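I opened this model to look up a handful of places in the chain. My notes follow in the order I took them.

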Amino acid sequence: MAAESGKSLKRRDHLLEIEAKARSWWNEVDVFRAEPCEKPPKPGEKFFGNFPFPYMNGYLHLGHAFSLSKLEFAAAYHRLRGANVLLPFAFHCTGMPIKASADKLRREIQQFGNPPVFPGPAAEPEEPKKPEQGDENVSGQPDKFKGKKSKAASKAGGQVFQWEIMRSFGLTDEEIAKFQDPYEWLRFFPPLAMEDLKAFGLGCDWRRSFVTTDINPYFDSFVQWQMRKLYAMGKIVKDVRYTIYSPLDGQPCADHDRASGEGVLPQEYTLIKMEVLRPFPTKLGPLEGKNVFLAAATLRPETMYGQTNAWVLPDGEYGAFEINETDVFVITARAALNLAYQNFSRIPQKPTCLMELTGYDLIGLPLRSPLSGNEVIYALPMLTILTDKGTGIVTSVPSDAPDDYMALHDLKAKLAFRAKYGVEDEWIMPFEILPIINIPEFGDKAAEKVCIDLKIKSQNEKEKLAEAKRLTYLRGFTEGTMLVGEYAGMKVQEAKPLLRTKLIETGQGILYSEPEKRVMSRSGDECVVALTDQWYITYGEAEWKKLAEECLSSMNLYSDETRHGFEHTLSWLNQWACSRSFGLGTRIPWDKEFLVESLSDSTIYMAYYTVSHFLHNEDMYGTNKHPIQPSQMTDEVWEFILCGGPYPKSSGIPAAVLDKMKMEFDYWYPFDLRVSGKDLIQNHLTFSIYNHVAIMDKKHWPRGFRCNGHIMLNSEKMSKSTGNFRTLKQAIEEFSADATRFSLADAGDGVDDANFVFETANSAILRLTKEIAWMEEVLAESSSLRAGPPSTYADRVFENEINIAVKMTEESYSNCMFREALKTGFYDLQTARDEYRFSCGSGGMNYDLVFRFMDVQTRLITPICPHYAEYVRRELLKKDGLAVKAGWPTAGSPDLKLKAANKYLQDSIVLMRKLLQKQLSGPKKGNKKDAAPVTAASTENKLTGLIYVNEKFDERKSECLRILQSKFDGNTRTFAPDGEILQALQASPLFQGSNFKQFQKQYMPFVRFKKDEAVAIGVQALDVRLPFGEIEVLKENLELIKRQLGLEVVEILSASDPNDKARAGSLASLLDQNAPSPGSPTAIFLTR
């Protein structure tokens, strides 16, 4: 509710005041402090939930808050139900982003001064505006994240300086200079994050909080123990492997080190060496004496038998790069850089370009290519080559590649095209398709067939060519049979590895790898694939993988999509580089040249939470003096606490303390729930499973992961660069904590991206404050409420709605479906309350029932809006104790029959109003069959409503319903085939001897309607009569019906009673036109 919107901020400020009060009440009794009980917990008695510690290179934002809210709501629900809850929180600082940012800041100061003066016109900060009520100018926080770049950034070609990023955090120049020290980031951001989370209302035991890296000697000892244990088990090995690598950082670039490209892996190719035949053209003269190759990357080396030419991009930029003392590859600079980090460069990691070339320089080069059925082929132009993939040189196999077939077809068919690029006929016209693979249904010239079938006319028809490739590429590999070469008759997928090995062993090809997609490191450079010698964790090892799969099978993952994500990750995950040479963290114990990377020190740290308060006790850095010294936390101690190892006699830690630490771990572990974004399935969460099954006893394996998507703001991607961004602190100041939490709950529950809507947060402010005002008003005038036990029909309905809300909200919370919990526990309950107020009429609401509603609604929303709930419980309802531990409300079993009766009543009233309006307005022009208009009632002639009810279907419709019941599956809500239903209807004695076509005309619309209704709401739609008496329900609520219709006289009549029917007088024909049926009464209005 920003000030510029013109809305009053009083309501928001009222919530902020309430939140401050509630937090003080919590602090008085340290309500979120988690202590184990003496006895081991039974199922449901304890809840340990946790959240991936956020990276501390900035403020917490709504993206963090969205995932965290899922854990917070779940933990609060279990606390409310009486479980012993542990929700800890820590701060991740391991890895390279902080160190890279600090180094970048230092370089900027060295280059541009302190404070820096950047090139071009100085960035002009906006003139500060006069603060308005509700402005977000807060020391240490930005007013807003601006999307507009500074002039300095614009002049620097779009570069964003680290100094400017720090300024956007609201820091002064004097403060920014301190961040050259990477440890300043650790000292600055975690305490601010803790304060923001306290303002958010997080139910956290802050004694257990800590930061990672070697700045914290206790956590450092924990990670060293974990790594030594894995190493001793043979789970960590040193190996040479292809790895995504940052040349600027000089080390592998794991997922959390990347600005973009998370999850991208190395893609392996076979590089085909197509030798340039002598004599070289003049342009290549400087390469004389060298072996020159056009090097093409392919995923299908077995298709090289069908080469008719090579493709180059005419406008593409290429270079002649030295691979060794004798060989030169003509490729793109990007490919050369990848090769240089894979030991294919004369100078390791430094490509040497002997000369720059364009695609035009390469057109017409004669080539000798491995395996080709043509002794000489030529380099020809292709306009669709992408130079950010492969080497920019492409092999051409028109027998099996639709793109190659059409490009070759175009060149042959279009003389002007050949002339434009100087293509001579002898380079192309003699070359015909060479059949090399037979594919079922596509034959031995699959590309030609599919292009003809799809009527592709040109190489520019990209969508059709993509479809052609989809139809043939995979089938060629999985079902194709080789027709040529030494492996003729062999399946393609069997021949491929054999041919790849042969090409490499004979020196006609090499292995080449590059990132599947573009990867940018957080240092700002494009990553390559490097062949590195480093430490790896052997994920994917067969026996270890079996244990991981066993663990996964027993876990609660809350959605099939999440489970499929884990199963897919387990199917491909292999060795993972766990060491880095740059950044912050814990040193590899046996090889201190390297650090443990950020995804490898965060796999079982959830266990550290169970004892961290013994080591930290609100000192997150572990630097103050404590009874337990870091040196005492030896491997033997960790082994004893976490793995049931022998008693560590020489640790120096008192036995009572050691026993207490072990008891805490055994009490809280395993954790019950870990909440995370779905993007961590492919690394962190799967690593966690692997490490738990390797290190922990089976009884301590994780029990549940709940994954969610990312969050959008107002249906747009959250982004600092566009200004569509909110830190957690900004959101709390703008909306209040509870309105922010309300909107986070409403944002979405599934694994798809959710949507935080500002208007929902503003609406929450209004709803919560109006509800407080309503309760204050009702309680102030409680003497006007009806005393005694609930007794009326409206009382029974409202009490039933409360019971239903309790049961449905409990189910939603237990399944972590918080948007649904908000709907059933707040929105639906408010609707029921409003309906109750109106239904009571002059008799008034029942005091006990209204008070119960206030209590139940408050408890149901406590996990989502705890500050609001505390205020209502203490200040309005005058109840003892805290709302967060008030207990789940008790409720009777929902009366579904009563709910159905009330729905019938409300639907009937809506129908009656429509019929009244229709009769009052008279027949439409030219339609004499419509209802006759009701004469305006005078003072003498009162308008009377006659409500006709038919509580049972006629005999034939009843038979239709019985047959439909017999053909309906209630579990799947599906019917038998229509033919089977028709056959049963024809066989029924009630339809024997009748004209079946006439029957179909008269009854099939009814059958279709009831089928659709049953599919929508279930088998009850097929009941022959409703489970309650319609006349009884309508008569009991006659006063409500009169008020709703605005009539003084309303009568409830039976359509099957001739005397009642006669009461309609001249309008009796309307009963025939609109005959009432079970669940659908008919109303007639007349003056008397």
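This is a predicted model: local features need pLDDT of at least 70, side-chain atom pairs count only at pLDDT 80 or more; totals for chains, interfaces and linings use all residues.

I began with Leu943, which stands opposite Thr1087 in strand 32. I then looked up the pairing around it: strand 28 (residues 943-949) and strand 32 run antiparallel and are joined by six bridges. How many of the six residues of strand 32 are buried? I found that five are, so strand 32 (residues 1082-1087) is mostly covered.

Is Tyr1003 buried or exposed? Its relative accessible area is 7%, so I noted Tyr1003 as buried; the cut-off for that is under 20%. I then listed what Tyr1003 touches, not counting residues up to four places away in sequence: Asp954, Arg956, Lys957 and Cys960. For Lys957 I also checked the separation. Tyr1003 and Lys957 are 46 residues apart in sequence, and their C-alpha atoms are 7.4 Å apart in space.

I looked up the UniProt record, an unreviewed entry, which lists "domain: Aminoacyl-tRNA synthetase class Ia" for residues 24-104 and 194-755. I took the two stretches separately. Residues 24-104 are 41% helix and 10% strand, with the end C-alpha atoms 42 Å apart. Residues 194-755 are 33% helix and 20% strand, and there the end C-alpha atoms are 25 Å apart.

I followed an open sheet of three strands in the order 26-25-27, with mixed pairing. Which strands are at the edges? They are strand 26 (716-717) and strand 27 (754-756), each of which pairs on one side only. I looked at one pairing in detail: strand 25 (residues 711-713) pairs with strand 27 in the parallel sense, over three bridges. Within it, Met712 stands opposite Asn755 in strand 27. I also noted helix 23 (residues 737-747), which lies across strand 25 and strand 27 and runs at about 155° to strand 27.

I checked the length of helix 14 (residues 462-479) first. At 1.5 Å a residue, its 18 residues should span 26 Å, and the end C-alpha atoms are 25 Å apart, which agrees. Where does helix 14 bend? I found the bend at Lys469, by about 25°. The buried residues of helix 14 are Leu465, Ala468, Thr472 and Gly476. I looked for what covers them, and the list includes helix 11 (402-413), strand 15 (437-438), helix 13 (446-453) and helix 15 (492-505).

I found Ser598 in the loop between strand 22 (595-596) and helix 18 (606-615). The relative accessibility of Ser598 is 3%, so I put it down as buried. Which residues is Ser598 in contact with, leaving aside its neighbours within four places in sequence? I wrote down His92, Thr94, Gly95, His256 and Asp257.

Most residues other than glycine have a negative phi, and most peptide bonds are trans. I went through departures from both.

- The peptide bond from Asn114 to Pro115 is cis, with omega near -5°. I found Pro115 in the loop between helix 3 (97-112) and helix 4 (151-155).
- The peptide bond from Arg278 to Pro279 is also cis, with omega near 5°. Pro279 has its place in the loop between strand 6 (266-276) and strand 7 (291-298).
- Asn343 is not a glycine, yet I found a positive phi of about 70°. Asn343 is in the loop between helix 9 (333-340) and strand 11 (353-358). Its relative accessibility is 56%, so Asn343 counts as exposed; the cut-off is over 50%.
- Tyr558 has a positive phi as well, near 70°. I placed Tyr558 in the loop between helix 16 (542-553) and helix 17 (560-572). At 31% relative accessibility, I noted Tyr558 as partly exposed.

Methods. Residues are numbered from 1 along each chain as its sequence is written. Side-chain values use heavy atoms; hydrogens and water are left out. Two strands pair if DSSP finds at least two bridges between them. Helices (H or I, at least four residues) and strands (E, at least two) are DSSP runs, numbered from the N terminus. Contact means heavy atoms within 4.5 Å. Axes are lines fitted to C-alpha atoms, for helices over the stretch in contact, and angles run from 0 to 180 degrees between N-to-C directions. UniProt positions are given in the numbering used here, feature names are shortened, and annotations may be inferred rather than shown by experiment. Buried means under 20% relative accessible area, exposed over 50%, partly exposed in between (1.4 Å probe, protein chains only). The expected span of a helix is 1.5 Å times one less than its number of residues. The bend at a residue is the angle between axes fitted to the seven residues ending there and the seven starting there.
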